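Please read them with the coordinates open.

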Amino acid sequence: MIVELLSVPAIILILGAFLLPLIPERIRSSAFILFPLIALGVLWTLPEGSLVQLPFASYELHLLTVDALSRIFGTIFVMIAIIGGIYAFHIKDLGQQTSALAYAGGALGVTFAGDFFSLFFFWEIMAAASTWLIWARQTEASDKAGMRYVLVHIFGGGLFMTGILLHLNGGGSFLIESLEQTYTVANVFMLLGVGLNSAIPPLHAWLADAYPKATITGAVFMSAFTTKSAVYVLIRLFPGWDILIYWGVAMALYGVVYAVLVNDIREILAYHIVSQVGYMVAGVGIGTEMAINGTTAHAFSHILYKSLLFMGAGAVIYATGKSKLTELGGFAKKMPVVVGLYMIGAFSISGFPFFNGFISKSMVVSAAGAAHLPTIMLLLILASVGTFLHTGLKLPYFTWFGEKKSDFSVSDVPLNMKIAMGMGAFFCTLFGVYPALLYNYLPYAVDYTPYTIYHFVEMMQILVFTFVGFWLLRKKLEGSPHIAIDTDWFYRRPADAVQYAFVELPNRFYGFVEQRSLKIAGGLSRFSKNPLQLLPFGSSNPDGKKEIKSDDFSASIGAALAFILFGFIVASLVVLL
């Protein structure tokens, strides 16, 4: 059984997280990369099917179920664990290293889980491990954001688990399989639980709140795992659910609109995660083979270019200590390699030809057209305009090329950070130039050609007109030092009142009851020592106090309670016997 468990890629990474503290610090960063490399090798040698089962109570857990969908998601999760490990190679913080490896293991566990309990177990590992990547920054803002993050995910996990239990109680399958599109209470709870991790509005605010406050390297891992593992679960459970089409389009537009309002460079990228995941959610809702292929391909591409963009933003913070557009500008010449690699990620997410976003995002849009959803198709194209506007133009222009807005120095970025960015940029370009490398491993046979003259011209027109619009309006798009209010306002604004009502008031009440109880107990204790003092008769000593005449013996209240307890025991024995 132990050998079988070691064939589970998730177990390899989680075991690695437990072993890291035992490894000397000087080789710990190398060991961090070794475990994902082993998992990747194991992953690609596994045959398809349910390979590892484990008895649990009256159930049999399916820890390792492999098919084309799980293999392609597992592959990209391991790839980003390796690239992220290289990016964080200079970090010696054991807490960040172990939590990042456990986080990646949780994402892999979700991917290969064949039953609900296994999936939920790894789902919660992800939530716990990722929280530490926020707290590890050790600032007041990260402490508060981490607490909000974990509370929101506890709430989401509760929704998901409630749905699972109702599903099983209603005779539903214990194994992971697509659910019929019926809005039962169980299905709604599960959809809300998974939707929260997918950052579907209005359940999305945790993402834009937490990711900008995580550590520089932690945000890279977070950009890859939580939302994309949730998209994977949506594909498994809810393919073809119409509501996801409209939710997805709303996400795609919501994210790019909110990116106008925010000032922090990683917050802009966080809102673009919401937007890009919207394409995937819409693809799941369309549910055709082409749409599922498009969703899978776009999740694969998104993990690569979004992690690259977060690495670029992290390099800026590392070098300058600044993260606001209103504080940066004018230093592109001091970090040309980082700027160049970031722009490859920006071109990829914007759908430039010969980059991976072009060959994956267009597949989802085309799937909407093929499903006779022209309005959905047009809205998704409109969202891509906003993506290029903010991630490809606004963010790099005001971060590196615009006027310098504050005094700061620019330090060198470690070589390993540039190497990791180079790897991400290489794969973004490779899959864009040669899409068959990705298409051949999608869940269904691919009948789609991205490089047509029509598609090429259409995309170039969108990009050129977006650039012209930005250049004309760039003064109005410059960030402002304000805080953008999102749906998290509804639980952040009344936080003090909620804490007073549900924490402080109960605490005061229990404190009052405790004090009164102790006072009453103290009075009873004193009374039990000499009850005659309270009686109007009996002799008194020279000090005027009543005395006990029964051989000067006075039983304590403890003895009295012992007699009462003894009486209860005797009575119980009599009743039972």
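This is a predicted model: local features need pLDDT of at least 70, side-chain atom pairs count only at pLDDT 80 or more; totals for chains, interfaces and linings use all residues.

The points below take the nonpolar cores, then the cavities.

1. Main core. The largest nonpolar core has 163 residues. Phe160, Phe225 and Met335 touch the most other members. Helix 13, residues 289–320, is the top contributor to this core, giving 16 residues.

2. Met335. Leaving aside residues up to four places away in sequence, Met335 touches Ala315, Val316, Ala319, Trp400 and Val413.

3. Second core. A separate core of 15 residues also exists. Among its members are Ile245, Val249, Val364 and Ile376.

4. Largest cavity. Two cavities reach 30 Å³ or more. The largest has a volume of about 90 Å³. Helix 3 (25–43), helix 5 (94–112) and helix 10 (216–237) each supply at least two lining residues. The lining includes Ser29, Phe32, Gln96, Gln97, Thr217 and Phe221. Gly85, Ala88, Ile91 and Leu133 also line this cavity. By class, the lining splits into six nonpolar and six polar residues, with no charged ones.

5. Second largest cavity. This one holds about 30 Å³ of space. Helix 6 (116–135) and helix 7 (140–169) each supply at least two residues of its lining. Helix 6 gives the most, with four. The lining residues are Trp123, Met126, Ala127, Ser130, Tyr149, His153, Asn197 and Thr226. Four of them are nonpolar and four polar; none is charged.

How values were computed:
Residues are numbered from 1 along each chain as its sequence is written. Side-chain values use heavy atoms; hydrogens and water are left out. A nonpolar core is a set of buried Ala, Val, Leu, Ile, Met, Phe, Trp, Tyr and Cys residues joined through side-chain atoms within 4.5 Å. Buried means under 20% relative accessible area, exposed over 50%, partly exposed in between (1.4 Å probe, protein chains only). Contact means heavy atoms within 4.5 Å. On a 1 Å grid over the protein atoms alone, a cavity is a set of points where a 1.4 Å probe fits but cannot get out, and a pocket is an open set with protein on both sides within 12 Å along at least five of seven lines; lining residues have an atom within 4 Å of a point. Grid points are joined across faces, edges and corners, and a volume is the space filled by probe spheres set on the points. Ala, Val, Leu, Ile, Met, Phe, Trp, Tyr, Cys and Pro count as nonpolar, Asp, Glu, Lys and Arg as charged, and the others, Gly among them, as polar.
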